[in-house]
Amino acid sequence: MTKKILILLFILIPINASALIEVDITRGNLNPLPLAVSPLSIDEESRKSFEKILKKENIGSEISNIVENNLRISGLFNPLDKKAFLQAPDIANLKPRFEDWNLIKAQALITGKVNYIDDKLRVEFRLWDVLAAKEMMALAFTTVPNNWRRVGHIISDKVYERLTGEKGYFDTRIIYVSEEGPKTQRIKKLAIMDQDGANNKFLTLGNELVLTPRFNPASQMVTYLSYFKNMPRVYLLDIETGTQEVVGDFPGMTFAPRFSPDGKKIIMSFAKDGKSDIYTMDLENRIVEKITNHPSIDTSPSYSPDGKYITFNSDRSGYQQIYVMKNDGSDVKRISFGNGLYGTPVWSPRGDLIAFTKLHKGKFYIGVMRTDGSGERLLTENYYQEAPSWSPNGRVLIFYRETKTNSKGEGFSAKLWSIDLTGYNERQIKTPTDASDPSWSALLSN
Amino acid sequence: MRLNKILKNTLLVLAACLVLSACATKKEVATDIQGQMQGDVYTGTDTVEYLADGVPDRVFFATNESILTTASRETLRAQAAWLRKNPNINVVLEGHADERGTREYNLALGERRANAAKDYLMTYGISSDRITVLSYGKERPVDSGSNPLAWSKNRRSVTVKAN
């Protein structure tokens, strides 16, 4: 599935270095930038070829729709209605008539074209600053036709990066747990999908309970908890080959796994005799290290992006709270001091924040705090929600939410949601079944 | 005349009974729901199954706790006696948590609860070789309700025959 090598990227024209339009992503964006995504133009011969291969009538429009949808759900951009466009796609890509685009209040314009060349899909696209009447970026990709959705995501990432100054997060995937059946006997499967919900695929059959899958930030490996043979253990799954292996084969339950930032270690909890401690395992030489040693419950460990620190939750104070320590287990400091219980700390890929779940007075919150515990901000409140996971650029959190049942115990559901770091732009991510425990992959292409 | 009086009195008594019993049942229902919990530990028998006559299969816990109540210790002593009488039977202690906690912490809490039960069985002479601990966290509730009574039924350690 790694198609990184298959996508060849050309820079068409040297890019004008100074960003003309700027989108500030550090605040809640109440006025998303109006822009126009002109459908990628396509010649009739190419259109027919792709129709035959991909069963899509107009692949140019399909790719544009992906770009438009990505930019809209980011909450930072407002893609304008195509019906208002005055200029035809093929002509716009050569040289936009800026006054036409200005008229419909577009501040930026995306144009491009698709060709079928030597069994390959070739896309070029351009980003224009309408007010300044200038080209901001021009790129071309060549790849196998089946990669067409990823081309849309890569274009979205390039536009996002050019306009915000930060990396995008569209060419990514989400691994999660698909849930079906009654609440007392849920059937759970590992599932994976593109960040926008497309290409959903189940990775396990549901014969055993599976929980908490997490991506390796450095590859397409996943670690998760499986109740295979009724022994809850940490497993590794290669999603390219489907190979599974147990890594936490300790004399007791291993759980709460995550990768180290370099992908070389797994950090997890091992529960024995009523206490849970944190351990690491080096995946190369299988050397196991005990990191915490305390009669309390120590779990949900997560590394800082430089690998030097670990945040985790522990009830050593009597209640579940968040702690930070050095990666060898020394220098343990409690960082959460607000009212309520704190769990599931996850270090931001940017390094500056820790996202968490908080339980206070019967409500669950997803929030963030600085790594010393200061500046706590609660982003969203609900009956039940937990397990935030960061987008690779550290701007969006994905988590799951469960509903309260009625007096007869009916009406239970679990869904994936995302919210911006700003607390704005809360959205449900549609999944074919109920869903929980989402984990966001790194960018597939860089 | 006399018979009449007796009849009349009987009717009055009957009527009074009816009124009283109506009151009594109403009260009973009200205390029944509350009577199923002490503090927030479940004390009812709705979900309880029996390993043998007089040997309940499960014990219940307070929120975020793994301390055994007096009633739990009594249940576990009965289980220990039954296990001593049946030396060929091994058991799995399945520890559970309610839905009001994070998944990973609940897995650890379920393990801690099942171990509290295991430790108690061991002090009554049951070898640890005969006991396996398995935590389900919040994954396998018995009651799908979203209310304190349902949660109290779900905070449990259940002793299950392994063979």
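**Walking through the model**

Colleague: Which residues does Leu397(A) touch, leaving out those up to four places away in sequence?

Modeller: Leu397(A) touches Ala355(A), Ile366(A), Pro388(A), Ser389(A), Trp390(A), Ser418(A), Ile419(A) and Leu421(A), with residues up to four places away in sequence not counted. Two residues are in contact here if their C-beta atoms, placed from the backbone, lie within 7 Å. Please keep in mind that this is a predicted model, in which local features need pLDDT of at least 70 and side-chain atom pairs count only at pLDDT 80 or more, while totals for chains, interfaces and linings use all residues. Residues are numbered from 1 along each chain as its sequence is written, while chains are lettered from A and ligands numbered from 1 in the order in which they are written.

Colleague: OK, and which residues have the most contacts inside the largest nonpolar core?

Modeller: Leu397(A) is one of them, together with Tyr224(A), Phe255(A), Met268(A), Ile354(A) and Ala355(A), and that core has 77 residues. A nonpolar core is a set of buried Ala, Val, Leu, Ile, Met, Phe, Trp, Tyr and Cys residues joined through C-beta atoms within 7 Å. A residue is buried if 20 or more other C-beta atoms lie within 10 Å of its own, exposed if 12 or fewer do, and partly exposed in between. There is also a second, separate core of 37 residues, which includes Ile59(A), Val67(A), Val114(A) and Met136(A).

Colleague: How many bridges join strand 11 of chain A to strand 12 of chain A?

Modeller: There are 4 bridges between strand 11 and strand 12 (residues 221-226) of chain A, and in one of these pairings Leu211(A) has Leu225(A) as its bridge partner. Strand 12 and strand 13 (residues 233-238) of chain A then pair over 6 bridges, with Val222(A) standing opposite Leu237(A). Leu237(A) also stands opposite Gln244(A) in strand 14 of chain A, and strands 13 and 14 of chain A are joined by 3 bridges.

Colleague: Which residue takes a positive phi in the hairpin of strands 12 and 13 of chain A?

Modeller: In that hairpin, which has 6 residues between the strands, Lys229(A) has a positive phi near 55 degrees. In the hairpin of strands 13 and 14 of chain A, with 5 residues between the strands, Gly242(A) has a positive phi near 80 degrees.

Colleague: What about Ala256(A), is it buried or exposed?

Modeller: Ala256(A) is buried, because 32 other C-beta atoms lie within 10 Å. It is found in strand 15 (residues 253-259) of chain A, and its phi is near 55 degrees, a positive value in a residue other than glycine.

Colleague: Let's switch to chain B. Which residues of helix 2 of chain B are buried?

Modeller: Ser72(B), Thr75(B), Leu76(B), Gln79(B) and Leu83(B) are the buried ones. They lie on the same side of helix 2 of chain B because they cover an arc of only 95 degrees around the axis, where the arc is that of the directions from the helix axis to the C-beta atoms. These buried residues pack against several elements of chain B, including strand 6 (91-96) and helix 3 (103-123). The face turned away from the buried side carries the exposed residues Thr70(B), Arg84(B) and Lys85(B).

Colleague: And how many helices and strands does chain B have?

Modeller: Chain B has 4 helices and 8 strands, and buried residues make up 40% of its 163 residues.

Methods
Pairing = 2+ DSSP bridges. Helix = DSSP H or I, 4+ residues; strand = E, 2+ residues; numbered from the N terminus.
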